[in-house]
Amino acid sequence: MSNTIASLKNVNISQENNMILKNINLDVKRGDFIYVIGKTGSGKSSFMKTLYADLPLTNGEGFIVDFDLAKLKENDIPYLRRKIGIVFQDFKLLPDRSVFDNLEFVLKATGWKETAEMKQKIDEVMEKVGMKSMLHKMPHQLSGGEQQRVAIARALLNDPEIILADEPTGNLDPQTSVEVMEVLRKINQNGKTIIMATHDYALIMKFPSKTLKCEDSTIFEVVQRTV
């Protein structure tokens, strides 16, 4: 198994013929924790969307979890996303069903059938984010931080090789942001690769790690103390 989990070579990212990021060269190793920072509109989300194939790769070479992003067909995308966990800023929980039913819905949608196996997997991921006692709750009964923990648990359901977190603390207060970060760092310490887009510099100072910056249509590594 290669130690490289994602690789981009000479990649340009465009949206509606508008160049967003150019000449990206990046290797992500298994077990990395990488921040992607930059001002609003600098290309962080477009970069993340390219990795999970929401934006097609039309220029350069890109591989993630053994999928060739340049050759990816529409019907390959669900298989790619089973190997990637995605965490969004706005949680994206289904409001009309309980936490358990939210997670079961994802498992059924990705091919799980055995009720006992699904329950065991849901218990396992909720244990990892410290939320096992909340399975019966509806999303509106949870705080923002609790909803984001459930969203992280959802991202872990299919045991992904990499987690892409796009501004996961963007809607949270500072203390809750730290709690969510502690969950993500623990998941990383257990071997999961994480790429996290953020504009929260306080978190980066508190939890230092490799940092990439989007600026002037490019993406480059920055030394931590100069962030």
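In this predicted model, 4 strands form an open sheet, and their order is β2-β1-β4-β5. The pairing is antiparallel. Two strands stand at the edges: β2 (18-29) and β5 (67-68). Each has a single partner strand, so one side of each is left without a neighbour in the sheet. Strands of a sheet pair through backbone hydrogen bonds, either parallel or antiparallel.

Inside the sheet, look at β1 and β4. Strand β1 covers residues 4-15, and strand β4 covers residues 61-64. The two run antiparallel and are joined by 4 bridges. Which residue of β4 is the bridge partner of A6? That partner is I64.

Helix α1, residues 44-51, lies across β1, β2 and β4. Its direction makes an angle of about 125° with β1.

Rolling a probe the size of a water molecule over the atoms shows where empty space is left.

| Pocket | Volume | Lining residues by class |
|---|---|---|
| Largest | about 550 Å³ | 10 nonpolar, 4 polar, 4 charged |

The largest pocket has a volume of about 550 Å³. It is lined by 18 residues. Those closest to its centre are R81, I86, V106, T110 and R154. Which element gives the most? Helix α3 does, with 4 residues.

The second largest pocket is lined by another stretch of names. T50, A53, D54, L55, P56 and L57 are among them. L69, A70, L72, K73, E74 and I77 also line this pocket.

Is L184 buried or exposed? Its relative accessibility is 0%, so L184 counts as buried; the cut-off for buried is under 20%. Leaving aside neighbours within four places in sequence, L184 is in contact with F33, I152, P168, I194 and M196. L184 and K39 are 145 residues apart along the chain, and their C-alpha atoms are separated by 22 Å.

Technical notes. Residues numbered from 1 in each chain as written. Predicted model: local features only at pLDDT ≥ 70, side-chain atom pairs only at ≥ 80, totals over all residues. Heavy atoms only, no water. Pairing = 2+ DSSP bridges. Contact = heavy atoms within 4.5 Å. Axes fitted to C-alpha atoms, helices over the stretch in contact; angles between N-to-C directions. 1 Å grid on protein atoms, 1.4 Å probe; cavity = no way out; pocket = protein on both sides within 12 Å on 5 of 7 lines; lining within 4 Å. Points joined across faces, edges and corners; volume = space filled by probe spheres on them. Nonpolar A, V, L, I, M, F, W, Y, C, P; charged D, E, K, R; others polar. Buried < 20%, exposed > 50% of the residue type's maximum accessible area, 1.4 Å probe, protein only.
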